[in-house]
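Dear colleague,

I am handing over a structure that I would like you to read alongside the notes in this message. Please look through the sequence and the coordinates before going on.

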Amino acid sequence: MLGLMQNQPLLISSLIDFAERHHGEGEVVSRRVEGDIHRYTYKQVAQRARQVANALDAMKLQFGDRVATIAWNGYRHLELYFGISGSGRVLHTINPRMHPDQITWVANHSEDQVVCFDMTFLPIVKSIHARCPTVRQWVALCDADKLPTDSGVPNLSSYEALISAQPNTYSWPQFDENTASSMCYTSGTTGNPKAALYSHRSTLLHAYAACLPDVMCLSARDAILPVVPMFHVNAWGIPYSAALTGAKLVFPGAGMDGKSVYELIESERVTYAAGVPTVWQMLLGHMQPAGLRFSTLRRTVIGGSACPPAMITAFNDQYGVEVLHAWGMTEMSPLGTLCTLKNKHLTMSDEDKMKIRLKQGRSIFGVDMKIVDADGKELPWDGKAFGDLLVKGPWVVAEYYKGEGGNPLVDGWFPTGDVATIDPEGYMQITDRSKDVIKSGGEWISSIDIENIAVAHPAVAMAACIGIKHPKWDERPIVAVVKKPGMEITREELLAFYEGKTAKWQIPDDVVFVDAIPMGATGKMQKTKLREILKDYKLPGL
Ligand code: AMP
């Protein structure tokens with residue numbers, strides 16, 4: 001017997017309809033690439049998203065056609081999120097930090113028909129347009145009078161000119177909720193990138209889940225600053241969850257440096273921020289020397305790479321800001337786990353609470369996980385056994401776009417490529433990426449643990465640990481370190497700093513001081529590049 005409830009498809013257009021109707025006056029504030037602050041309401045987002053939909057219709061775009069963006073976090077990007085997906089087209093967010101050849105590759109692979117870009121990225125568009133035969137319209141996200149006349153880019157129009165010609169009324173189409181809504185290519189460190197193709201259903205379920213109190217805990221009383229980019233995994237779904245709750249949205253535009261982020265948090269009374277550890281490193285680096293304080297920020301979600309304990313302590317103890325450590329990936333829309341305490345933990349000592357907060361957290365309802373050994377046998381949740389982490393759920397990929405790479409699932413589970421432990425309370429902790437873990441004398445060393453200790457030293461800005469071939473031990477860890485400006489530390493001092501903080505055999509064999517650690521397009525350390533740079537490096541004594 002079927003239930004007798006209304007069968008309404010879960011569609012992205014309903015989010016912006018809801019925000020307009022119930023939070024029409026809710027604010028959306030953006031630092032524009034033009035440099036000024038732009039301020040308007042959800043009602044205006046909705047009106048302009050409908051103008052976008054009309055403009056796409058006028059271009060004769062078909063249902064399911066791909067429309068790409070190369071853009072910072074900003075109000076026009078938000079309108080495109082709703083206008084493109086809401087009208088049944090597929091939003092393809094392109095990461096501008098990829099190499100232009102890779103951008104060309106993804107634009108061709110997804111067969112983008114239209115590409116909308118911030119003026120910052122005009123040089124990229126100039127260098128790729130001739131190699132993108134499927135693109136029939138390039139749209140610069142600017143006013144009509146700012147459109148360059150000598151760019152050489154054919155079929156180039158201004159976004160404002162394009163949408164202002166359209167009415168702001170539109171009847172969002174109703175269709176199957178499993179229809180594709182947006183896509184995001186993985187960073188593709190090996191081989192060509194592969195795309196996760198999200199659906200309206202997966203996006204809405206993810207948006208609901210993200211708002212839960214033990215997940216991101218978002219509400220109409222929040223002012224949210226997503227520093228995490230809208231060009232990578234939909235800014236962790238925040239644009240959708242913000243519309244669902246009516247929270248104020250604050251967009252940083254191109255200003256991701258510590259000073260710009262701090263000023264925006266203060267001037268817009270941000271209560272909630274989300275980003276990768278490097279962004280928060282820059283923020284703390286700006287605030288600490290100047291003795292600055294937050295007046296409204298209460299919580300920050302940190303994920304994308306392991307959040308160093310020193311960062312959690314700094315936010316928590318010095319600034320009274322709660323850190324929510326999060327884990328996920330492109331293939332998971334992206335949220336998988338978030339670290340919040342259970343009731344039984346509240347009476348624990350601060351030190352014990354910290355041990356939990358450092359973990360990547362508990363599964364969100366909707367994400368099932370398990371760890372397995374090399375033979376695929378499930379390992380116990382004892383907080384000690386570590387193995388390959390597999391996940392499944394309604395916002396986890398079933399396969400990649402165009403079937404690229406074959407069937408990624410193992411008995412219905414998606415292998416994340418991460419190695420993790422899970423404790424009896426269900427808290428998962430990432431030990432490493434499976435390809436980064438260091439195998440020494442038959443034992444595994446977590447490169448994340450080694451990096452976390454190094455960055456706890458006051459003179460260390462960044463650290464990356466990699467394994468170096470060793471004739472006896474197979475591999476031994478070394479740590480590449482970037483010093484904080486104006487600070488000094490020697491190899492010996494850092495190695496001594498490890499004493500007592502980890503097992504002796506896990507202490508790195510050497511410290512290599514570098515000016516910078518190569519960072520990838522998604523703000524993660526690129527250890528493959530670092531290994532290349534250090535390919536002639538020899539371990540001491542060998
Ligand atoms: P991406 O698909 O580019 O977002 O990258 C996903 C990968 O980032 C995951 O598989 C993890 O290896 C890593 N990652 C994400 N969040 C965390 C975290 N909190 N701690 C450690 N690694 C993380």
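What follows is a description of what was found, taken topic by topic.

This is a predicted model, so local features are given only where pLDDT is at least 70, side-chain atom pairs count only at pLDDT 80 or more, and totals for chains, interfaces and linings use all residues. Residues are numbered from 1 along each chain as its sequence is written, and side-chain values use heavy atoms, with hydrogens and water left out.

Helices (H or I, at least four residues) and strands (E, at least two) are DSSP runs, numbered from the N terminus. Buried is used for a relative accessible area under 20%, exposed for over 50%, and partly exposed for what lies in between, with a 1.4 Å probe and protein chains only.

Salt bridges

Side chains of opposite charge can pair when their charged atoms come close. A salt bridge is taken here as a side-chain nitrogen of Lys or Arg within 4 Å of a carboxyl oxygen of Asp or Glu, and by this rule there are 34 salt bridges. In one of them R48 meets E160, with 2.8 Å from N to O; because R48 belongs to helix α2 (residues 42-58) and E160 to helix α6 (residues 159-164), this pair ties together parts that are 112 residues apart in sequence. Both R48 and E160 are buried, and the two also belong to a network of salt bridges that links R32, E34, D36, R48, R76, E79, D143 and E160.

A second salt bridge joins D57 to R89, whose closest N and O atoms are 2.8 Å apart. Since D57 lies in helix α2 and R89 in the loop between α3 (75-86) and β4 (90-93), the pair ties together parts that are 32 residues apart in sequence. D57 is partly exposed, with a relative accessible area of 31%, whereas R89 is buried, at 4%.

A further salt bridge is formed by R201 and E177, with the closest N and O atoms 3.4 Å apart. This pair links distant parts of the chain, with R201 in helix α7 (residues 200-211) and E177 in the loop between α6 and β8 (180-185), 24 residues apart. R201 is partly exposed, with a relative accessible area of 29%, while E177 is buried, with a value of 18%.

Strands and sheets

Two strands are said to pair if DSSP finds at least two bridges between them. An open sheet of 9 strands runs in the order β2-β1-β11-β10-β12-β13-β14-β15-β16, with mixed pairing. Its edges are β2 and β16 (362-363), each of which has a single partner strand, so one side of each is left without a neighbour in the sheet. Within this sheet order, strand β12 (residues 272-275) and strand β13 (residues 299-303) pair in the parallel sense over 4 bridges, and Y272 has R299 in β13 as its bridge partner.

Elsewhere in the description, β8 and β9 pair in the antiparallel sense over 5 bridges, with M183 standing opposite L197 in β9. Strand β9 (residues 195-199) has 4 of its 5 residues buried, so the strand is largely enclosed by the rest of the structure.

Helix packing

For packing, axes are lines fitted to C-alpha atoms, for helices over the stretch in contact, and angles run from 0 to 180 degrees between N-to-C directions; contact means heavy atoms within 4.5 Å. Helix α11 (residues 277-290) and helix α12 (residues 309-319) pack at an angle of about 45°, with their axes 11 Å apart. Residues of α11 that meet α12 include W280, L284 and M287, and among those on the α12 side are M311, F315 and Y319.

Helix α1 (residues 12-22) and α7 also pack at an angle of about 45°, with their axes 8 Å apart. I12, S14 and L15 of α1 make the contact with H200, T203 and L204 of α7.

In helix α10 (residues 258-267) the buried residues are G258, S260, V261, Y262, L264 and I265, and what covers them includes β1 (27-31), β2 (37-41), β10 (223-226), β11 (248-251) and α11. After α10 comes R269, whose phi is positive, near 50°.

With best regards
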